[in-house]
Amino acid sequence: MEQLQFQRVPELVARFEGLADMQVALRLTERQRLEELEEARGRLQQLRDAWQDEESKWIQIQNTAAAKTLLLGRTRMAALNLFQLVCQHKRQPPALDIEDTEGQLEQVKLFILDRSSMLTSFRRAQASLDPAGKLR
């Protein structure tokens, strides 16, 4: 019987050592998995940050596009108003499509050039008169 107990102690010690080795191996694996988890969390945070940056850029692009669209609309409305004033001054109905901004601006430009030419001619005529209003 004593020999049986003696044989069981080495088996018990061997079993204990095996379990201790297994515990060391499991702790090492746990540390490795925790490191991998932290790396994965870091990558996830980077992806989230990148996504937020992209979303912020997209919102900025949309806001810029909205602002430029509004500016374009105001510019087109101003061109149409100038064109309509030119037509009223000439006592002519607007002959261009409401969407033809370039054509409207061209008509406004021609009107301004015509008026500028008239003013230049008037000033020359004024300069050629003496103070009494007679030609020099």
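A residue counts as exposed when its relative accessible area is over 50%, as buried when that area is under 20%, and as partly exposed in between, using a 1.4 Å probe and protein chains only. By that rule R91, at 76% relative accessibility, is exposed. Welcome to this structure, which is a predicted model: local features need pLDDT of at least 70, side-chain atom pairs count only at pLDDT 80 or more, and totals for chains, interfaces and linings use all residues. Residues are numbered from 1 along each chain as its sequence is written, and side-chain values use heavy atoms, with hydrogens and water left out.

**Helices and the loop between them**

- Helices are DSSP runs of H or I with at least four residues, strands are runs of E with at least two, and both are numbered from the N terminus.
- Helix α1 covers residues 2–90, and helix α2 covers residues 101–127.
- R91 sits in the loop between α1 and α2.
- The phi angle of R91 is near 60°, which is a positive value in a residue other than glycine.

**Distances along the chain**

- E35 belongs to helix α1, and its relative accessibility of 52% makes E35 exposed.
- From E35 to Q52 the chain runs 17 residues, and their C-alpha atoms are separated by 25 Å.
- L129 is found in the segment after α2 and is partly exposed, at 26% relative accessibility.
- L129 and I112 are also a pair to look up: they are 17 residues apart in sequence, with 26 Å between their C-alpha atoms.

**The nonpolar core**

- A nonpolar core is a set of buried Ala, Val, Leu, Ile, Met, Phe, Trp, Tyr and Cys residues joined through side-chain atoms within 4.5 Å.
- The largest such core has five residues: F83, V86, C87, V108 and F111.
- Both α1 and α2 give two or more residues to this core, and α1 gives the most, with three residues.
- Contact means heavy atoms within 4.5 Å; setting aside residues up to four places away in sequence, F111 touches V86, H89 and K90.

- T101 lies in helix α2 and is buried, with a relative accessible area of 14%.
- Beyond residues up to four places away in sequence, T101 touches R76 and A79.
- Q104 is also a residue of helix α2, and its relative accessible area of 1% makes Q104 buried.
- Once neighbours within four places in sequence are left aside, Q104 is in contact with A79, L80, F83, L96, D97, I98 and E99.
- A polar contact is a pair of N or O atoms within 3.5 Å; within protein, one must be able to donate a hydrogen and the other to accept it, and residues adjacent in sequence count only if both atoms are side-chain atoms.
- A polar atom of the Q104 side chain lies 3.1 Å from the backbone oxygen of D97.
- The backbone oxygen of I98 is 3.2 Å from a polar atom of the Q104 side chain.

**Salt bridges**

- Side chains of opposite charge can pair when their charged atoms come close.
- A salt bridge here is a side-chain nitrogen of Lys or Arg within 4 Å of a carboxyl oxygen of Asp or Glu, and the count by this rule is five.
- One of them joins the side chains of E99 and R76, at 2.5 Å from N to O.
- R76 is partly exposed, with a relative accessible area of 30%.
- Another salt bridge pairs the side chains of E36 and R33, at 3.4 Å from N to O.
- E36 and R33 are separated by about one helical turn because they are three residues apart in helix α1.
- Both ends are partly exposed: E36 has a relative accessible area of 42%, and R33 is at 47% relative accessibility.
- The side chains of R115 and D114 also form a salt bridge, at 2.7 Å from N to O.
- R115 is partly exposed at 27% relative accessibility, and D114 is partly exposed with a relative accessible area of 38%.
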